[in-house]
Amino acid sequence: MNSDGTGLVTLTNDPAEDGLPAWSPDGEKIAFTSVRGGNSEIYVIRVDGGGLERLTDNPTVDLGPAWSPPGSGWQRKPKRLRKSTAASMKYWI
């Protein structure tokens, strides 16, 4: 996106809700939460929209991706909630 708000680029094209983005320290990737497949998991995508990768696969709800210091990847302990708690949540960007 340009400083004047033009040049927006859609990074994800899935009907599921995506939210809670977290930029990588090097600015090359964005980790985010998505409910693809009916369960909230954490994904990462390059800023050009390529290289989508699912990072978690857990029956509970994974939220709030966070990056570790540069060079060490993302934090491996995401926030997890029971499904009953997550059912009432909304995601906003």
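This is a predicted model: local features need pLDDT of at least 70, side-chain atom pairs count only at pLDDT 80 or more; totals for chains, interfaces and linings use all residues.

User: Which residue forms a salt bridge with R54?

Analyst: The cut-off for such a pair is 4 Å between the nitrogen and the carboxyl oxygen. For R54, the closest N and O atoms of the pair are 3.4 Å apart. R54 lies in strand β4 and its partner in strand β3, 13 residues apart, so that distant parts of the chain are linked. The partner is E41.

User: Is E41 buried or exposed?

Analyst: A residue counts as buried under 20% relative accessible area and as exposed over 50%. R54 has a relative accessible area of 40% and is partly exposed. E41 has a relative accessibility of 1%, and therefore E41 counts as buried.

User: What pattern does the protein follow along the sequence?

Analyst: The protein has 93 residues, of which 33% count as buried. It contains one helix and six strands. Read along the sequence, these elements follow the pattern β-β-β-β-β-β-α.

User: Which strands stand at the edges of the four-stranded open sheet?

Analyst: The sheet has the order β1-β2-β3-β4, with antiparallel pairing. An edge strand has a single partner strand, so one of its sides is left without a neighbour in the sheet. The strands in this position are β1 and β4.

User: Which residue in β4 is the bridge partner of Y43?

Analyst: Strand β3 covers residues 41-46, and two bridges join it to β4. These two strands run antiparallel. In β4, the bridge partner of Y43 is R54.

User: How far apart in space are E53 and Y43, C-alpha to C-alpha?

Analyst: E53 lies in strand β4, which spans residues 53-54. Leaving aside residues up to four places away in sequence, E53 touches I42, Y43 and V44. E53 and Y43 are ten residues apart in sequence, and their C-alpha distance is 5.5 Å.

User: Is E53 buried, partly exposed or exposed?

Analyst: The partly exposed class lies between under 20% for buried and over 50% for exposed. E53 has a relative accessibility of 42%, and therefore E53 counts as partly exposed.

User: What is the N to O distance in the salt bridge of R36 and D18?

Analyst: R36 sits in the loop between β2 and β3, while D18 belongs to strand β1, 18 residues apart. R36 is buried, with a relative accessible area of 13%. D18 also counts as buried, at 15% relative accessibility. The side chains of R36 and D18 meet at an N to O distance of 3.1 Å.

User: Which residue forms a salt bridge with D48?

Analyst: D48 is exposed, with a relative accessible area of 55%. The closest N and O atoms of the pair are 3.3 Å apart.

User: Which residues do salt bridges that share partners join into one network?

Analyst: The count of salt bridges comes to five. The pair of R36 and D18 is one of them. Salt bridges that share partners join one network, made up of D14, D18 and R36.

Key
Residues are numbered from 1 along each chain as its sequence is written. Side-chain values use heavy atoms; hydrogens and water are left out. Buried means under 20% relative accessible area, exposed over 50%, partly exposed in between (1.4 Å probe, protein chains only). Contact means heavy atoms within 4.5 Å. Two strands pair if DSSP finds at least two bridges between them.
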